[in-house]
Amino acid sequence: MHHQTFIADRPGFPFSAIVGQDKLKMGLFLNVINPTISGLLIRGEKGTAKSTAVRALADILPSIEVVKGCPFQCDPNAQASLCFQCQSRATMGEKLESVKRKVKVVELPLSATEDRVVGTLNMEHALKHGEKKFEPGILAAAHRGILYIDEVNLLDDHVVDVLLDCAAMGVNTVEREGISFSHPAKFTLVGTMNPEEGELRPQLQDRFGLCVQVEGITDPHQRVAIVKRRAAFEADPFGFTKQFEAESVQLSQQIDAAIHNYGDVVADDDILFDIARLAIEAGVDGHRSDIVMLKTAKAVAAFHNRKQVSMDEVAEAASLVLPHRMRRLPFDDVLNMGSKKVG
Amino acid sequence: MQTRGTRTDIYPFAAIAGQSQMKLALILNAILPAIGGVLIRGHKGTAKSTAVRGLAQLLKSQNGDASLTELPLCATEDMVVGAIDMEAAIKEGKKKFQPGLLKRANGGMLYVDEVNLLDDHLVECILDAAETGWNRVEREGLRTSHAARFSLVGSMNPEEGELRPQLLDRFGLSVQVEGETDTALRVELMRRREQFDNNPGEIISGFITESRSMSERIEQARGLAPKVTVPSHLLKFVAEIAEVNNVAGHRADLAIERAARAHAAWCGRDVVVVADIQAVAPMALLHRTREQAPPQIPPSLPPEDSEDNAKDNSQQEKEEQSAPNPPQEENSEASKSGPVDSSDTPDASDEQTTDNDSINPDEKPDNTTAEKEDSPKEEHVFKVGAPFSVKPLVSDTDRHRRTGSGRRSRSRSANKQGRYIKSTSRRQNGDLALDATLRAAAPFQKSRRETMASTMAVHIRESDIREKIRQRRMGNILVFVVDGSGSMGAHKRMVETKAAVLSVLMDAYQKRDQVAVIVFRGRNAVIALPPTSSVELASRMLTDMPIGGRTPLSAGLGRMSDMLTQIHRKNPLSRPIAILLTDGKSNAALGEGPAHLEAIALAGKVAQHHRNVRFIVVDTESPGAIRLRLAQKLASALNASYFEPENLRAKEIVNVIKEIV
Ligand SMILES: [Zn+2]
């Protein structure tokens with residue numbers, strides 16, 4: 001499954017060398033701190049280097065414990081969500097050996113077929129042995145990691161369905177090609193899109209916990225810095241990476257600390273009521289935004305090493321959680337030109 | 001065979017705050033599966049699937065029910081109905097049936113999330129089984145049948161498109177779920193959910209008492225339900241409700257009656273009272289009243305009952321919250337496995353359509369829309385002009401394979417994108433369906449093994465090869481380009497135009513077409529609706545479209561061209577239809593020259609550039625003595641089908657689309 005992950009023969013562009021784009025970076029950090037925030041949608045026009053930050057993210061991702069050899073990278077400490085194999089091994093009294101490795105970024109290419117995404121019948125095994133065996137797909141690889149989709153708005157509709165199905169329960173259920181199989185698949189969904197090329201299905205949009213709008217950088221100093229750093233990186237990737245190593249390490253440590261502190265962050269009742277009120281006033285569908293806002297506010301606090309959620313954190317969370325969920329009347333544009341009529 | 005589950009912690013049903021209608025419908029259906037299933041409609045993030053899974057978990061752990069069987073959207077037909085057991089055939093040379101999801105669901109609950117997105121063919125397989133309680137399989141040289149009694153629960157987000165009325169009607173009850181707007185309740189929801197995400201065990205054990213008393217109450221109601229009687233005057237009342245709400249057919253009556261019995265049992269009574277009927281009738285009517293938008297319920301009640309309304313409602317609420325223990329009744333039989341109305345049993349012989357590749361079962365004129373025409377009640381919904389029955393826009397059997405494949409044309413996906421729904425022995429594109437090929441080859445393995453020499457375990461011959469039939473949900477894309485300027489409003493042409501558009505939309509909605517709307521008025525053109533399968537949105541926006549301003553036809557053409565380019569980029573094999581509703585006048589140019597000439601010139605370029613697109617121009621010029629017929633010029637520049645104002649009956653437009661598709 002090597003082709004799915006960003007395994008480079010040379011170092012990737014270091015995350016800490018990315019100029020500006022603070023909101024985008026924050027959106028990614030918060031998802032790393034609490035993966036159940038469940039994703040980041042990055043909207044922006046062409047040429048805003050939306051994907052650079054995601055690809056560089058691997059740099060600062062924390063390590064997790066996985067069951068050795070498990071194709072679904074089960075968490076040995078989460079008894080309730082083990083895959084079938086690990087489950088039966090555990091039931092047999094076997095001690096599951098674990099290894100530590102970094103959280104992975106797994107890319108879902110637009111050309112991926114549904115079979116490839118959910119998993120399929122292992123052809124070789126079927127022909128050689130006359131037996132059915134499940135060949136895990138991209139969703140299996142993405143479990144406990146980041147599932148990255150560039151130009152997510154152009155994704156095939158059926159693949160979107162599958163993602164929605166999976167995101168609802170954190171389980172990938174396969175009932176196809178003679179195979180009946182399910183395995184855990186909880187992932188952080190990170191997508192980029194250029195809104196000019198079409199909108200996202202609202203339902204999928206809602207699955208992205210957070211959303212940021214990326215603008216092209218207009219500050220001339222920053223622009224120069226971007227070009228310079230890019231050139232320096234191209235000329236000497238190893239040297240360049242070394243230059244930013246200290247910063248990267250510091251950032252990783254800050255995130256690790258935030259992950260550690262997250263559980264201690266408290267939000268008073270007042271804060272909960274403010275969050276609920278914000279969501280109601282924004283007129284968002286359903287209740288997902290409330291819980292995401294709460295988690296995001298806590299993650300913001302944890303990132304800044306605070307123990308208490310204040311309105312500052314809530315405001316920052318709201319700006320990431322609410323805008324893409326506000327019920328966008330499709331005729332808003334039209335109405336802006338004339339009389340306001342539709343309620 | 002690998003049937004393997006993944007355990008996850010399930011949010012307890014009893015811990016779901018609010019959403020009392022949804023919970024009640026699910027409970028009633030669990031008490032008396034003969035109700036015929038529940039469809040939960042609602043926006044995203046309203047805990048629809050959480051509730052279904054939670055209840056199933058409750059019933060399983062407390063009442064010993066079968067587990068919930070979930071049907072994922074990407075399921076293939078063989079996995080749903082069952083197929084030949086390939087492993088047994090290869091290894092033992094035996095023709096063995098490997099049961100599918102319908103068998104697994106027998107005696108329990110079958111859940112389809114996003115049921116409106118499920119392939120039609122699968123929906124029909126499921127509904128047939130749900131109705132007859134029986135699954136008959138005839139495929140791959142195998143002929144078998146087995147009981148398939150399950151209660152069907154579906155959930156859907158209407159934003160993503162509707163279920164066809166015929167399918168809607170098959171669900172016993174349906175509820176509309178909205179987000180809660182009470183702040184305190186939302187806070188409670190938030191708190192519990194966060195706690196669950198942090199530590200699921202805490203919530204699960206925290207609600208164990210509630211869960212137990214709820215499951216006990218369900219169990220008692222199950223025992224009581226078969227004994228519940230319905231007084232004859234209330235049976236009449238049920239029939240009247242159905243009649244008043246204009247829901248023809250016996251399904252609504254039956255659903256109300258059964259749900260009322262379940263409700264009475266849930267309240268610990270062995271006789272149905274008016275309050276039971278009032279509580280359940282809205283659920284039985286919601287999806288059956290024939291309006292495009294969800295109807296406003298509750299039903300109108302006969303005068304003699306109206307005085308009880310307030311009291312009954314509040315009483316019901318109280319009952320729901322306090323869950324009093326109903327009188328203990330012992331009945332081991334209960335009605336757990338869904339008894340099915342035998343009068344509904346359809347002819348089994350027409351159920352085994354193994355290859356409906358080109359035959360469209362929906363080609364019959366859709367009688368539900370037909371009835372709309374003579375129902376005066378519908379006027380307020382479509383006050384923009386009378387919609388009418390649309391003849392199905394079915395093409396001749398499509399000989400050209402292309403990707404966009406909805407109901408309209410039944411053409412199948414030619415590239416390997418799209419959903420694999422079933423297989424065929426016809427060889428066309430080398431998209432090998434390995435599973436089906438193996439199943440086809442399986443029965444011959446023993447004899448072949450003796451005659452062929454190979455290191456492979458499986459011997460496959462040319463004749464075994466099966467290819468995948470894939471389907472993409474999107475049908476055609478209809479792009480409406482609408483003149484929203486004053487020149488149309490002045491002549492009240494907009495009313496006719498909207499009626500035409502709505503009729504096309506209603507048809508599109510049933511055919512799963514996508515629609516997009518571009519409006520030009522004032523100084524520019526805007527995408528009022530990006531391509532969507534939500535015809536509800538499209539119709540809402542078109543009916544509420546403001547009128548006025550100048551007419552920037554060129555801008556409209558430009559915007560349309562951009563959108564067509566995007567559509568093409570997303571799916572190069574699509575053949576969109578662009579419908580321009582205009583009188584051809586243009587008085588706001590993009591450049592310096594005369595607006596009208598500019599538009600005509602632009603139209604020519606657009607037609608050149610988008611050869612995959614079919615254009616239709618509907619002339620909205622007011623009929624009368626002096627006519628400019630500018631739209632006709634536009635049509636010829638676009639190489640479009642043209643519509644005279646005299647013919648501006650929506651029916652005609654639909655027929656034109658029919659010719660094109
Ligand atoms: Zn595992």
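A crossing of two helices is termed left-handed if the near helix is turned anticlockwise from the far one by less than a right angle, and right-handed if clockwise. In this sense H12(B) passes H13(B) in a right-handed crossing. The model is a predicted one, in which local features need pLDDT of at least 70 and side-chain atom pairs count only at pLDDT 80 or more, while totals for chains, interfaces and linings use all residues; side-chain values use heavy atoms, with hydrogens and water left out. Residues are numbered from 1 along each chain as its sequence is written, and chains are lettered from A and ligands numbered from 1 in the order in which they are written.

Axes are lines fitted to C-alpha atoms, for helices over the stretch in contact, and angles run from 0 to 180 degrees between N-to-C directions.

Helix H10 (residues 208–224) of chain B packs with helix H1 (residues 20–31) of chain B at an angle of about 50 degrees, with their axes 9 Å apart, which makes H1(B) oblique to H10(B). The crossing of H1(B) and H10(B) is right-handed, and the contact is formed by Ile27(B), Ala30(B) and Ile31(B) of H1(B) with Ile218(B), Ala221(B) and Arg222(B) of H10(B); these residues divide into 5 nonpolar, no polar and 1 charged. The axes of helix H2 (residues 48–63) of chain B and H10(B) come within 10 Å and cross at roughly 80 degrees, so that H2(B) is roughly perpendicular to H10(B). Among the residues of this contact are Leu55(B) and Gln62(B) of H2(B) and Ile218(B) and Arg222(B) of H10(B), and its classes are 6 nonpolar, 4 polar and 3 charged.

In strand S15 (residues 577–582) of chain B, 6 of the 6 residues are buried, so the strand is largely enclosed by the rest of the structure; buried means under 20% relative accessible area, exposed over 50%, and partly exposed in between (1.4 Å probe, protein chains only). Strand S12 (residues 477–483) of chain B pairs with S15(B) in the parallel sense over 5 bridges (pairing requires that DSSP finds at least two bridges between two strands), and Val479(B) has Ala578(B) as its bridge partner in S15(B). S15(B) also pairs in the parallel sense with strand S16 (residues 614–619) of chain B, over 6 bridges, and there Leu580(B) has Val617(B) as its bridge partner.

In chain A, an open sheet of 5 strands has the order S4-S7-S10-S1-S11 with parallel pairing. Its edge strands are S4 (105–107) and S11 (210–214) of chain A.

Note on methods
Helix = DSSP H or I, 4+ residues; strand = E, 2+ residues; numbered from the N terminus. Parallel < 35°, antiparallel > 145°, perpendicular 65-115°, else oblique. Contact = heavy atoms within 4.5 Å. Nonpolar A, V, L, I, M, F, W, Y, C, P; charged D, E, K, R; others polar.
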